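We'll go stop by stop.

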Amino acid sequence: MGRSRRTLPEELLLLALDPTTGTTAQPQSLDLGLAGAQLVELALAGRIAPDGDRIAVVAPRPTGDPTLDCALELLRRRGAPVRAVNWIGGPRLGLRQTYLSHLERCGMVHAVEGQMCGVLPTTRYQATDTAISREIKARLDSAIRTGVPPDPRTAALAALAHAVGLGKHLYPGNEGRSSRSRLRDLIRHDPMGGLVAHAVMDVQNGAAAQPRRSPAPAGRQAPGPGAGPAPEPARGVPAQPRHGSMARAAVH
């Protein structure tokens, strides 16, 4: 995978960054969304594919992106397809900070050190070029405004943005209600993005233990009864333990 194009986790994070405060909207659910965005990016790269409500590795060769390749290797080590909801709900502490640090190295954001209450050190991230974030949001705006089915990458980004609760951040107030509704509807335009987005919402709503009903691939028996349509995402998510090299606490 070349590095000329931003990955979905990077784009999701840039969408969530508040240009005024330097903080990320929906920080807890965003961590889940970034894990889901990795799955979609790996699927777009042809490394994994959906298998019912599970994720199967179909081509374990590296993508060239260290963070994605770490996720791909962990999936490969499972040895069998893993439920998307279990993967996304697994330990992901530090994933947001990993991507923030990456964006800083790429020159897309810069860190601003400060203090909370004059004592606790804090780090906020300001976009160095807001045109990048505007271009990303313009793709969503176009899909919402025109009603033309978007490309798989934009459809997946829309699905993830809805799943982590960015609708009110991107389209605030009563005037943004119809745009938020259309953002939610875009979830149907990419099967992988839809699978992952529903898994993100299921984790937030504590439905990880209940399999989601999915169409069975040809030659396979359909999975057992699953959860109904995913409700709107809740704000809280379970605390997540330390995992591998992603050990730094995420910065809000």
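**First stop: a helix pair**

Select α1 (8-16) and helix α5 (residues 95-105): they pack at an angle of about 90°, with their axes 10 Å apart. (Axes are lines fitted to C-alpha atoms, for helices over the stretch in contact, and angles run from 0 to 180 degrees between N-to-C directions; helices are DSSP runs of H or I with at least four residues, strands are E runs of at least two, and both are numbered from the N terminus.) α1 and α5 are therefore roughly perpendicular to each other, a label for angles of 65 to 115 degrees, while under 35 is roughly parallel, over 145 roughly antiparallel and the rest oblique.

Now show side chains. Pro9, Glu10, Leu13 and Leu14 of α1 make the contact with Arg96, Tyr99, Leu100, His102 and Leu103 of α5, where contact means heavy atoms within 4.5 Å. Those residues split into six nonpolar, one polar and two charged. (Nonpolar covers Ala, Val, Leu, Ile, Met, Phe, Trp, Tyr, Cys and Pro; charged covers Asp, Glu, Lys and Arg; the others, Gly among them, are polar.)

**A word on the model**

This is a predicted model, in which local features need pLDDT of at least 70 and side-chain atom pairs count only at pLDDT 80 or more, while totals for chains, interfaces and linings use all residues. Residues are numbered from 1 along each chain as its sequence is written, and side-chain values use heavy atoms, with hydrogens and water left out.

Colour by pLDDT, the predictor's confidence in each residue, from 0 to 100. The protein's mean is 81, and 78% of its residues reach 70 or more. Confidence is highest in β2, at 96, and lowest in strand β4 (residues 109-116), at a mean of 78. Over residues 212-252 the pLDDT is below 50, and this stretch has 87 contacts in the model beyond near neighbours in sequence.

**Along to α2**

Click Gln26, in the loop between α1 and α2. Most residues other than glycine have a negative phi. Gln26 has a positive phi of about 50°, although it is not a glycine.

Next, select helix α2 (residues 27-44) with helix α10 (residues 191-204): the angle is about 155° and the axes are 9 Å apart. That makes α2 roughly antiparallel to α10. Which residues of α2 meet α10? Ser29, Leu32, Gly33, Gly36, Leu39, Val40 and Ala43 do, against Met192, Gly193, Val196, Val200, Val203 and Gln204 in α10. The tally is eight nonpolar, five polar and no charged.

**Last stop: the sheet**

Select strand β1 (residues 48-51) and strand β2 (residues 54-57), which pair in the antiparallel sense over four bridges; pairing needs at least two bridges found by DSSP. Ala49 stands opposite Ala56 in β2. Two residues sit between the strands of this hairpin, and there Gly52 takes a positive phi near 70°.

You now have an open sheet of three strands in the order β1-β2-β3. β1 and β3 stand at the edges, each with a single partner strand, so one side of each is left without a neighbour in the sheet. Finally, show helix α3 (residues 66-78), which lies across β1, β2 and β3 and runs at about 100° to β2.
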